[in-house]
Amino acid sequence: MYLPESRIDGRNRLIRQAELMAGRREARPTRRPYPKPKLHTALHFPLPMPSASLRLAVIGAGAAGLAAARELSREGHAPVVFERAAAVGGTWLYAPPATASDPLGAAATHSSLYASLRTNLPRETMGFLDFPFAAGAAGSEDPRRFPEHEEVLRYLDAFARRFDLLQLVRFETEVVSVRREDAGRWAVTSRKLGDKGSGEEEVYDAVVVCNGHYTVPRIAAIPGVNAWPGKQIHSHNYRVPEPFLDQVVIIIGASASAFDISRDIATTAKEVHIADRSAPVDTCEKQPGYSNLWLHSMIDRALEDGSVVFQDGSSIKADVIMHCTGYLYDFPFLGDDSTVTVDDNRVDPLYKHVFPPEVAPQLSFIGLPWKVIPFPLFELQSKWVAGVLAGRIGLPSKDEMMGDVKAFYSKLEARGWPKRYTHNFSNYQFEYDDWLAAQSGHPPVEEWRKQMYAVNAKNKKDRPELSRRVG
């Protein structure tokens, strides 16, 4: 069990560390999409009396599903958590490489973890707000500030056990469909993995979707690649570098997975070439500290002779193209009656990225934002959803929520952000977190956590090869 917050003497220490690392300079405030919080006191949707315990379906037992289950239980509800895997953890539950015939597909595993993965956020910032991710606590085996992925899984398992959440989970059970009933309730059909029947249908007062968004690969479009003779793979199906021994590998991407995997594969591959869409066209740079690792502009086309041509006209003959190009939101169990669609990775429409206005609050989504500190955000979203379902917290009218969604889209368009960045919170996650906290009557995210996150982001930008060698 991890130590309770009352026994962690870390607040002032972390603040001091963050201030020292940042030179006591704070980022200048900028205008963000989330205004000063406004509390809504009138509910516009029919709900049972606040004292009623609602029977709720939670889809997924990763970090988001566990946070939701705890907050819903705290409000007196009766959540049932559906989880395909045999344990909690979601994307943090490592699975060996699947023997899939389609290495570009989602294969047979939910997780996208590779064996060498370490967190790219300091562990202190990652923890839930009242359950610190503390090094040296009982159950902890990796005391580093940027620990291995197994340490995160141990933490989530400890969280589930500390708050008696395992008893709420139906393991090795998949949700087949979620269908809206006439009375505003939801018929959820589920079945045990391996069963070939139609499954069991049960009716719930509301559904909370927490199925994650790191499973269905997003693939880069490459002219001529269908006739190219090499192998393609998505990072979702990457685990270890040994299969790439003495091969020439091109990695498409510029995010954390592309950075990590390129360095991992460089230990065994003959050559590794990173194709970065944001790099200038004439980019061709050997990376510091490596004799076999280069950065290029994006791929222009692939040829039948095995060559891959970059935008500057240079080319190499490659054995493998690996797509470190992100993932697609996917809710295969939802039908049209959910009123939600996914277009170019925009889950639409969602009020504050959580509630579809037409069917709120009986359907909600936890964990869609990315470029965030995920666990605290999941917790605050869950507190908001649980409070709304309990009748303690109000929502605006359907029209007001739709108006808010449209206004948000207009702001994104004015900034020139593409639709697929709708849930990218890189510029305003703490504005959003604090808005959620205010709605739920919870204190804002701690300043030390915000400062440490900012310092870590600066370190990753200024010295990416060294940023995780601390602690």
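This report covers the salt bridges and nonpolar cores of a predicted model.

## Basis

Residue numbers start at 1 along each chain as its sequence is written, and side-chain values use heavy atoms, with hydrogens and water left out. Because the model is predicted, local features need pLDDT of at least 70 and side-chain atom pairs count only at pLDDT 80 or more, while totals for chains, interfaces and linings use all residues.

## Salt bridges

The whole structure holds 30 salt bridges (a side-chain nitrogen of Lys or Arg within 4 Å of a carboxyl oxygen of Asp or Glu). One of them joins R144 to D142, at 2.9 Å from N to O. D142 is buried at 5%.

A network of salt bridges also links R70, E71, R74, D130, E379 and K383.

## Pairs within helices

Helices here are DSSP runs of H or I with at least four residues, numbered from the N terminus. Helix α4 spans residues 149-162 and contains E151 and R154. Their side chains form a salt bridge, 2.8 Å from N to O. E151 is buried, at 0% relative accessibility.

Helix α9 (residues 447-462) holds another pair, K450 and E447. The closest N and O atoms of this salt bridge are 3.5 Å apart. Again the spacing is 3 residues, about one turn of the helix. K450 is buried at 15% relative accessibility, whereas E447 is partly exposed at 46%.

## Nonpolar cores

In soluble globular proteins, nonpolar side chains tend to be buried together. A nonpolar core is defined here as a set of buried Ala, Val, Leu, Ile, Met, Phe, Trp, Tyr and Cys residues joined through side-chain atoms within 4.5 Å. The largest one has 85 residues. I265, F375 and W384 have the most contacts inside it. Helix α6 (residues 374-390) gives the most to this core, with 9 residues. A second, separate core has 22 residues, among them A57, W186, Y204 and F365.

What does F375 contact, leaving aside its neighbours within four places in sequence? Contact means heavy atoms within 4.5 Å. The partners of F375 are A63, W92, M126, G127, F128, V152, Y155 and L156.

Terms used:
Buried means under 20% relative accessible area, exposed over 50%, partly exposed in between (1.4 Å probe, protein chains only). Helices (H or I, at least four residues) and strands (E, at least two) are DSSP runs, numbered from the N terminus.
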